Amino acid sequence: MTQHVMIIGGGIVGCMTAMELVNRGCRVTIVERNQIASQTSGESSWAGGGIIFPLLPWLYSEPVNTLTNNGANFYRELSQRLQLETGIDANFEQSGFLLLPAFDVKSAQAWCMQNQVPVQAVKASAFKVQSLSGEDALWLPTVCQIRPPYLMQAMRKWLEQHKVTLLEHTQLAPLKETQRLTEWQTIDGEKLGADQFVVTSGAWSFELLKETTAKLKVKPMRGQILLYQPEHNLEQIVYREGFYMIPRRDGYLLAGSTLEDVGFDASVTEAVRDELRIKAEAIMPALKNEPIIKHWSGLRPGTPENLPTIGAHPTIENLYLNTGHFRYGLTMAPASAQLVAALMSGEAPRIDATPYACR
Ligand SMILES: Cc1cc2nc3c(=O)[nH]c(=O)nc-3n(C[C@H](O)[C@H](O)[C@H](O)COP(=O)(O)OP(=O)(O)OC[C@H]3O[C@@H](n4cnc5c(N)ncnc54)[C@H](O)[C@@H]3O)c2cc1C
């Protein structure tokens, strides 16, 4: 009999989980309190920068890098498939990553060698970035990016084409402990049934499960980004001390982002706008003459050490979790979705699931 799976949360993690389950023959419903692929304040997926690589991966644990490496490896093929099947181009491209000092160059080079990530020690002045002098930098030419709002639109269309039910503007209420779930109640009291359930509710996952035995360490971490459209754009992603700039192929330029522990407040602030603007102008002085076209924020599902929870709920037998991807959910989503779908279907997963289990 075909399994009916209900996914709670229609961000990138929920959408990719749905895709994996559809590919395994499941009937899938996504329940989303807002609208999937809309640019609604708060959700993380549309708001992200779209770098398909961690910032300074040598600072993270092996399980984090296993997910980002595996996820990143899927993107080229995934974006080609999405374009072919939906007609939507998610703007996947290899823009390269220029890392400016200060950071631990030896650890960086060792990590890149070990992980087969091409890396070159360069002088920053070799790149066409106005302010850069002869400082020592690292160039990672194979790092890629994707355009999150376009990726979400393509995912939405693919899911519709594959008969996934999208129950939008429908918010599920926090769950009570039980042995097995047959239905989950909305905040309006409607009961929605399925055979299996997956929580992919991003920053809101803790709230949804806090009355069960799963005490997730997920909390919202706000990130703000500025958008420019400079006359002369960068040609690569540039990073310096926690700050990055991402050039888009149609001439836009993102400058971000922040890591703010401010609860579920998804507003943008003048103070951060000034802070980001100063950092952006330090790398590209010509931005002093350019207007800021847009300023937005998203709430990342923050977790200690950036380690997501992927796997079965500790006590509710037909409930699974795929949440807490923090700074790298776009990069991790394909691998993370494959892992949870394999566990749900009783397949041997491609990567060891132990580090991500819900304890
Ligand atoms: C500024 C910024 C820059 C970033 N840059 C990058 C980057 O360059 N590379 C990278 O890999 N990652 C990046 N990220 C991180 C990445 O965006 C997140 O890790 C990822 O989007 C998390 O996806 P998600 O699906 O778990 O969460 P979300 O996209 O937040 O989706 C969760 C969904 O669940 C829904 N929901 C919540 N509660 C309920 C409920 N009770 N009922 C129904 N629906 C519910 C929400 O409405 C939401 O749509 C960035 C994030 C930000 C904010």
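My note on names: helices (H or I, at least four residues) and strands (E, at least two) are DSSP runs, numbered from the N terminus. Two strands pair if DSSP finds at least two bridges between them.

Before going on, I wrote down that this is a predicted model, where local features need pLDDT of at least 70, side-chain atom pairs count only at pLDDT 80 or more, and totals for chains, interfaces and linings use all residues. Residues are numbered from 1 along each chain as its sequence is written.

Eight strands form an open sheet with mixed pairing, in the order β5-β6-β4-β13-β14-β15-β12-β16. β5 (120-123) and β16 are the edge strands, each pairing on one side only. From one strand to the next, the twist averages 25 degrees. For such angles, axes are lines fitted to C-alpha atoms (for helices over the stretch in contact), and angles run from 0 to 180 degrees between N-to-C directions.

Then I looked for a helix here. α6 (residues 270-283) lies across β12, β13 (237-240), β14, β15 and β16, at about 50 degrees to β12. Contact is when the C-beta atoms of two residues, placed from the backbone, lie within 7 Å.

I moved to another sheet. Six strands make an open sheet, again of mixed pairing, in the order β8-β2-β1-β11-β18-β17. Its edges are β8 (165-167) and β17 (309-312), each pairing on one side only. Inside it, β1 (residues 4-8) and β11 (residues 196-199) are parallel over four bridges, and M6 stands opposite F197 in β11. α1 packs on this sheet, touching β1, β2 (27-31), β11 and β18 (319-323), and its direction makes about 170 degrees with that of β2.

Last stop: which residues come nearest to the ligand? Of the 42 around it, they are G9, G11, G202, G223 and G329. I counted a residue as near if its C-beta atom, placed from the backbone, lies within 6 Å. At least two shell residues each come from α1 (12-23), β12 (219-228), β16 (294-302) and α7 (329-345).

Why does the ligand lie between two domains? Domain 1 (4-88 + 148-217 + 304-356) and domain 2 (96-142 + 219-302) both give residues to its shell, so it lies between them. The bounds come from an automatic or database domain assignment.
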